[in-house]
Amino acid sequence: MGPAAASLALATHGLHKRYGSRVALAGLDLSVPEGVVYGFLGPNGAGKTTTMRLLTGLIHPDTGSIELLGRPFGRRDRRRLFDIGALIESPAFYPYLSGRENLRALAATGASTPANKVDELLDLVGLMDRARDRVSTYSLGMKQRLGIAAALLSDPRLLLLDEPANGLDPAGIVAMRDTLRNLAGMGKTVFVSSHILGEVRQLADMVGIIAAGRLVREGSLDDILSGGAIVRIRIKPEEVARAVAILPGMLGAGQVSVQSAESGWLSVEADAGRASEINRSLAEAGIYASELTAESDLESVFLELTGGAPAADGERPTFGAAGVSPKGSP
Amino acid sequence: MRLFIAGLRKLVRRPATLVSLGLLAGLLSLILVAVGATARSRPNGAEALLLVTFPGAYVLILSFILGLGGLISLVYGAAVAGSEWSWGTLKNAVARGESRSGYVLLTFASVALLIGIGLLVAFGIGILMGLVGATLAGVSTNGVTDSASLGALPDKLGRSWFAMVEEAAFGFAVATLARSQLAGVGAGIGLYFGEQFASLFLPDIVKYLPFNAAMAVVVNTNPGGGGGIVQRLDPGTALVAVTAWLVASLVVAAAFTERAEIAG
């Protein structure tokens with residue numbers, strides 16, 4: 001589903017934002033169709049959080065415009081946010097109040113919220129048994145879950161989540177992913193900023209990649225990944241040179257690279273469908289793969305578009321504790 | 001209305017609310033009981049005994065509350081406003097489409113109501129402790145039922161409340177400008193003592209400043225009857241000055257929040 005074919009939940013046109021002499025956004029154009037999960041990717045400092053702040057009226061653009069749910073959003077259009085739920089940066093709460101009291105306090109702001117909504121959401125995010133405890137006693141993951149509940153208070157049509165997986169344990173991440181997918185299934189639009197590529201790949205229908213304040217790629221996940229299919233092969237280190245000599249014969253020059261000669265990892269730019277063919281060619285030459293993964297590599301696309309590059313040893317640069325290594329990579 | 005009630009609920013649960021009231025009532029009680037217990041044995045004890053001699057004690061206790069309570073109100077106002085920025089809770093409200101200035105003003109309205117309740121509670125405790133002090137000192141308590149003094153109390157309490165609200169608003173505005181709880185409290189206290197210090201050099205100007213004007217709304221003499229460097233405003237003029245400072249503080253806080261870029 002392309003932007004042109006559907007009404008847009010969110011659009012920005014030429015957004016510019018500068019903090020003093022530092023340019024945070026340099027003409028950002030986003031188009032987020034309704035009902036999708038949109039992964040907003042970018043390295044640290046690319047402008048993701050600035051974008052989130054602009055979309056929620058916390059700050060205002062120097063130039064450019066924003067449309068939320070099909071209508072212009074400017075300084076005087078705060079009520080447009082009644083249909084939007086947001087979790088911006090780290091979740092913020094009164095530390096001396098309980099989780100339930102915090103949600104009730106927040107429910108008194110903005111759009112009116114049904115009385116039973118607070119407990120319903122506490123249950124949804126798995127905090128019902130800690131609802132009466134002070135937020136100051138919550139772990140980061142629990143605060144994050146409470147933040148997601150807070151974002152859902154007004155039953156929003158558009159959900160803006162800034163790094164929602166921060167601090168969540170694996171079970172929490174899975175639960176959050178399921179929740180967000182369910183919300184998208186109900187016709188809501190979910191806009192998720194993240195630097196964890198694996199998370200976005202599992203969650204998003206569409207991806208926008210931002211670098212240095214500009215959108216460098218936007219499209220469906222399938223479209224973006226079509227340019228980054230990778231087959232990774234692990235063989236004996238002493239056979240690497242021979243394999244590099246054999247494979248270009250069937251794939252063409254420049255398609256094969258050595259990720260790590262010491263550990264025997266090769267990286268081949270090829271569709272997943274050619275993995276068995278590659279394996280057979282190597283086997284016919286007496287080279288047997290101990291591991292072989294075929295995947296569309298969002299990481300490669302991301303690094304290429306944002307100016308990052310794999311290190312010479314085959315390791316990837318990381319953006320945070322969670323790293324960016326895709327499933328099955330060395 | 002729901003925002004105002006929610007603001008009240010938040011503040012009632014906030015530890016700083018009870019700590020502030022406890023501090024004020026505790027110090028007031030300590031002083032009144034100490035005066036009652038020791039005044040007779042001190043060289044200038046007769047003047048101190050005025051603090052526990054009714055009906056005059058009503059105004060003196062109120063003046064004491066206004067003095068210390070004003071400083072506590074300043075700190076409390078600053079803490080409430082600053083924490084909205086420090087904790088990021090203002091950000092939550094704005095991101096939900098709440099009016100920035102409406103949120104600020106209703107939050108302050110909650111502060112003002114709680115200051116009123118705190119003033120009444122502290123004053124009630126002060127009278128009780130004044131009676132205890134009078135009993136300890138062997139001073140007659142007959143004046144406690146003086147009808148003229150009792151009749152004037154609602155007006156004096158109202159003026160005191162208004163003055164303490166103005167001081168809280170001043171702290172509230174300073175903390176809003178500082179966008180920080182600690183910076184706001186620190187700057188507020190600095191200005192409070194700075195104003196007292198400035199009275200050494202600029203007594204004719206200082207009497208119009210927030211804290212001196214606030215002290216003058218109930219009585220234009222210093223607590224205990226002692227003279228001061230600053231010739232205080234008369235209560236009527238002080239009320240006008242206090243109103244001006246209150247309005248100016250709230251306008252500054254609301255306008256700043258309305259225009260501020262909220263990050264972090």
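Colleague: How do β1 and β2 of chain A pair, and over how many bridges?

Modeller: Strand β1 (residues 8-19) and strand β2 (residues 22-33) of chain A run antiparallel, over 9 bridges; strands pair if DSSP finds at least two bridges between them, and strands (E, at least two residues) and helices (H or I, at least four) are DSSP runs numbered from the N terminus. Mind that this is a predicted model: local features need pLDDT of at least 70, side-chain atom pairs count only at pLDDT 80 or more, and totals for chains, interfaces and linings use all residues. Residues are numbered from 1 along each chain as its sequence is written, with chains lettered from A and ligands numbered from 1 in the order written.

Colleague: Which residue in that hairpin takes a positive phi?

Modeller: Gly20(A), near 65°, in a hairpin with 2 residues between the strands. Tyr19(A) has Arg22(A) in β2(A) as its bridge partner.

Colleague: New topic: what's the strand order in the open sheet?

Modeller: β6-β7-β8-β3-β9-β10 in chain A, 6 strands with mixed pairing. β6 (84-87) and β10 (214-220) of chain A are at the edges with a single partner strand each, so one side of each has no neighbour in the sheet.

Colleague: And β3 with β8, parallel or antiparallel?

Modeller: Parallel: β3 (residues 37-41) and β8 (residues 189-194) of chain A share 5 bridges. Phe40(A) sits opposite Ser193(A) in β8(A).
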